[in-house]
Amino acid sequence: MYTGLIDKYRDRLPVAADTRAVSLNEGATPLIELKNLPALVRKKVSIHAKFEGANPTGSFKDRGMTMAVTQAVEEGARAIICASTGNTSASAAAYAARAGIACFVLIPEGRIALGKLSQAMMHGSVVIQIRGNFDEGMRLTQELAAALPVKIVNSINPYRIQGQKTVAFEVIEALGDAPDYHALPVGNAGNITAHWIGYSEAAGESTQALRASAGMRKYRTPKTLERRPIMLGYQASGAAPIVRGRPVENPETVATAIRIGNPVSWQQAVAAGRESGGWFAECTDDEILHVQKMLAQAEGVFCEPASAIALAGVLKDLELGKIGEGSSIVCTLTGHGLKDPDTAIAQSAKPMTADAELKAIERVIRERLK
Ligand code: AN7
């Protein structure tokens with residue numbers, strides 16, 4: 001039976017052999033080949049979606065949270081804290097509940113998707129809505145964690161990054177190799193850092209980002225890879241500090257998960273781009289929503305807006321010729337579409353209403369079958 005990524009990858013993670021994992025059986029998410037989309041955009045490419053929305057709380061954050069909470073419990077912590085645009089708070093709340101410890105989350109008031117808010121509330125965390133954005137919440141959270149007996153579980157916690165690197169191991173196992181390109185959204189920039197560490201360890205290569213792991217328990221990742229992918233990081237136009245090369249004071253985007261103006265892992269992300277020969281680029285909100293819907297309707301894969309930017313960016317860079325035909329590409333779809341029902345409903349056709357009577361409904365269906 002699969003019991004989560006710490007049990008599966010224990011020898012490749014900074015965890016002792018006898019440490020009891022705080023786990024919800026996260027990881028082992030599907031790698032789905034997009035079979036209809038390449039033809040739809042008239043490109044000969046292989047695109048796979050790593051659907052992280054299939055994690056227990058519906059996002060990739062669970063990979064990092066199982067590690068961060070396992071470590072926090074081992075250190076004797078009774079409480080954890082995080083700032084969040086939504087998914088981190090949902091995951092922290094669930095893993096804290098699992099571990100039987102307290103959880104405090106700071107979120108920007110009115111700016112997190114409904115599904116995520118419901119998770120943080122339902123799992124019993126203390127939800128503190130701040131009149132401010134994520135970046136302000138992040139700064140406050142670091143100050144609070146320094147002053148109070150609460151363990152910070154944002155991706156500045158190196159155990160988060162360690163857990164999240166396992167996504168690369170799964171892609172390598174599924175494809176038998178690295179893809180040519182690996183694309184993902186960039187918000188606080190922890191996940192692109194983690195992906196790059198995972199690929200680098202599997203290739204027996206070093207990376208600047210690995211220095212953040214100094215002081216952790218030793219582990220050994222076997223070499224299973226001859227080459228690393230080119231890393232592509234995409235940001236929303238209204239929240240694109242890395243693309244612009246400077247912090248964004250008032251970030252704004254429909255993709256609230258990545259509404260971040262001053263990412264904590266900025267330097268490591270830039271290093272991942274440079275070391276892999278990749279780049280950072282931006283997509284507009286319209287491009288994000290268009291591709292979110294196209295993916296849902298052409299492939300049956302429903303991801304949240306922030307996740308769709310990985311594919312939106314890839315399609316744009318294919319069109320621009322920056323990615324060549326014949327390439328193999330993996331896009332990490334970081335979170336489930338159900339996280340943000342408001343945005344999905346706002347851009348979809350309204351359901352029709354009919355009397356509860358056979359003839360009326362039959363007429364509607366006949367009309368649509370024409
Ligand atoms: C769906 O929950 O930062 O670049 O506080 O929820 O590693 O930050 C979420 C980020 C991409 C960006 N996709 O990842 C939070 C938070 C989704 C996300 C990102 C997030 P990072």
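In this predicted model, helix α9 passes helix α11 in a left-handed crossing. Two packed helices are described by the angle between their axes and the distance between the axes. Here, α9 spans residues 190-202 and α11 spans residues 266-276, and the two pack at an angle of about 45° with their axes 8 Å apart. The pair is therefore classed as oblique, since angles under 35 degrees would be needed for the roughly parallel class and 65 to 115 for the roughly perpendicular one. On the α9 side, the contact is made by Ile192, Thr193 and Trp196. Facing them in α11 are Gln268, Ala269, Ala272, Glu275 and Ser276. Sorted by class, this contact of α9 with α11 comprises 4 nonpolar, 3 polar and 1 charged residues.

Helix α4 (residues 87-99) packs with helix α5 (residues 114-122) at an angle of about 25°, and their axes lie 8 Å apart. This angle makes α4 roughly parallel to α5, because angles under 35 degrees fall in that class. The crossing of α4 past α5 is left-handed. Asn87, Ser89, Ala90 and Ala93 supply the α4 side of the contact, while Lys116, Gln119 and Ala120 supply the α5 side. The residues of this contact divide into 3 nonpolar, 3 polar and 1 charged.

Attention now turns to the strands. Strands of a sheet pair through backbone hydrogen bonds, either parallel or antiparallel. In this model, 6 strands form an open sheet with mixed pairing, and their order is β1-β2-β10-β7-β8-β9. The edges are taken by β1 (31-33) and β9 (279-283), each of which pairs on one side only. From one strand to the next, the twist averages 25°.

Strand β2 covers residues 46-51 and strand β10 covers residues 328-333; they pair in the parallel sense over 6 bridges.

Technical notes. Residues numbered from 1 in each chain as written. Predicted model: local features only at pLDDT ≥ 70, side-chain atom pairs only at ≥ 80, totals over all residues. Heavy atoms only, no water. Axes fitted to C-alpha atoms, helices over the stretch in contact; angles between N-to-C directions. Helix = DSSP H or I, 4+ residues; strand = E, 2+ residues; numbered from the N terminus. Parallel < 35°, antiparallel > 145°, perpendicular 65-115°, else oblique. Left-handed = near helix turned anticlockwise from the far one by under 90°. Contact = heavy atoms within 4.5 Å. Nonpolar A, V, L, I, M, F, W, Y, C, P; charged D, E, K, R; others polar. Pairing = 2+ DSSP bridges.
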